Amino acid sequence: VAKRKSLDMQVYDASLDSTSAQNLSLLSELRQAIDGNELRLFLQPKIGLRDDSVVAAEALVRWAHPVRGMVQPMQFIPFAEQTGFVRYLTLWMLEEAARQWKSLQPENGTLRIAINLSTRDLMDLDFPQKIDEMLDRYGVPREGFCLEITESAIMDDPQRAETTLNQLAASGYKLSIDDFGTGYSSLAYLKRLPVSELKIDKSFVMGMEQDESDAKIVRSTIELAHNLGLTVVAEGVENARIYALLAALQCDEAQGYYMGKPMISTDFVQWSRDWAA
Ligand code: C2E
Ligand code: CA
Ligand code: CA
Ligand code: CA
């Protein structure tokens, strides 16, 4: 019961003092999650709409909690960000992705793994070096990775974020703006930052059949991305009609439950075979 309370708490009351007893206990549980190998890397396919090929996979964390079962990221990522613990989580995800990378590669071509970064990673001036060292250690090419960053993570401290992002891009990582359209930033940064992909937030994609404004936002984001020379990905694709609609609108890639849910790597490999068959 104590554990359940400590996990739920941050979702309902993010204002709690980070030194409170409950928060300290959640923090030690998170440390235990890493040390005790309780974290899991799930993969969700990103499909190229030109030829229906599997082009990438987004890495999404899950917590196989000994008492609560599989805990979803929204139950602990905000707390991890607030306390700074998320930096360890990012490094764990990177290492796990690097370790699995070769076994996930198709016979021809490259499957890119997308990792979610937090504002804490962007504020860490040593982060670019840490990721380079990690991938070098596993002999994995940087082109095999994509780094997803939200608009709000960038706008926390745009100058510092820009420094980190320039370094990451110079190292060869593909950079993607996540949840595009939900942030409070201006479009000016899009021109300045070395990003190569926009991900249209799932709220617009999921609404595009019923809501004409959502449909317009999706269409104009695809156009904007292409005018800026960027690849555009739609997330939250839940049915065949939206999949076909996006392909007709020349959207480059799609991700969503209709094609595949986040899964562990062995299931992902099996799913890829079934998808290609
Ligand atoms: P996100 O980066 O926007 O990831 C996409 C979320 O949408 C995932 O939720 C995914 O399971 C869900 N999703 C995918 N397709 C569909 C669909 O067709 N319909 C619906 N309704 N949802 C779909 P998930 O795995 O629960 O992750 C939630 C958020 O937690 C992520 O949003 C991301 O912000 C954060 N997160 C997850 N893993 C990590 C991580 O390793 N590091 C960091 N920093 N954040 C993470
Ligand atoms: Ca993401
Ligand atoms: Ca997203
Ligand atoms: Ca999101």
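The following legends describe close-up views of the ligand sites in a predicted model.

View 1. Ligand 1 sits in the largest pocket, where 23 residues surround it, the closest being Gln44, Arg62, Asp178, Glu238 and Tyr257. Sorted by class, this shell is made up of 12 nonpolar, 4 polar and 7 charged residues.

**View 2. Polar contacts of ligand 1 with Val61, Asp179 and Glu238.** A polar side-chain atom of glutamate 238 is found 2.5 Å from a nitrogen atom of ligand 1, while a polar backbone atom of valine 61 lies 3.1 Å from a nitrogen atom of the ligand. An oxygen atom of ligand 1 has a polar side-chain atom of aspartate 179 at 3.3 Å. Of the 800 Å² of accessible area that ligand 1 has on its own, the protein covers 87%.

**View 3. Secondary structure elements around ligand 1.** At least two residues of the shell around ligand 1 come from each of strand S2 (53-65), helix H4 (86-104), strand S6 (174-180) and helix H10 (202-207). Among the contributors to this shell, S2 gives the most, with 4 residues.

**View 4. The calcium ion (ligand 2) and its donor residues.** The calcium ion (ligand 2) is coordinated at 2.2 to 2.3 Å by Glu58 through OE, Asn116 through OD1, Glu148 through OE and Asp178 through OD. Along the sequence, the donor residues of this ion follow the spacing E-x57-N-x31-E-x29-D. Because glutamate 58 belongs to strand S2 and aspartate 178 to strand S6, the pair ties together parts that lie 120 residues apart in sequence.

**View 5. Aspartate 178 as a bridge between two calcium ions.** The calcium ion (ligand 2) and the calcium ion (ligand 3) lie 4.1 Å apart, and aspartate 178 bridges them. Asp178 is also listed among the closest of the residues that surround ligand 1.

**View 6. Aspartate 179 and the calcium ion (ligand 4).**

How values were computed: Residues numbered from 1 in each chain as written. Chains lettered and ligands numbered in written order. Predicted model: local features only at pLDDT ≥ 70, side-chain atom pairs only at ≥ 80, totals over all residues. Heavy atoms only, no water. Near = heavy atom within 4 Å. Polar contact = N/O pair within 3.5 Å; in protein donor to acceptor, adjacent residues only side chain to side chain. Areas by Shrake-Rupley, 256 points an atom, 1.4 Å probe, with all protein chains shown as cover. 1 Å grid on protein atoms, 1.4 Å probe; cavity = no way out; pocket = protein on both sides within 12 Å on 5 of 7 lines; lining within 4 Å. Sits in = over half its atoms within 2 Å of the grid points. Nonpolar A, V, L, I, M, F, W, Y, C, P; charged D, E, K, R; others polar. Donors = N, O, S within 2.8 Å, 3.2 Å for Na, K, Ca; no water.
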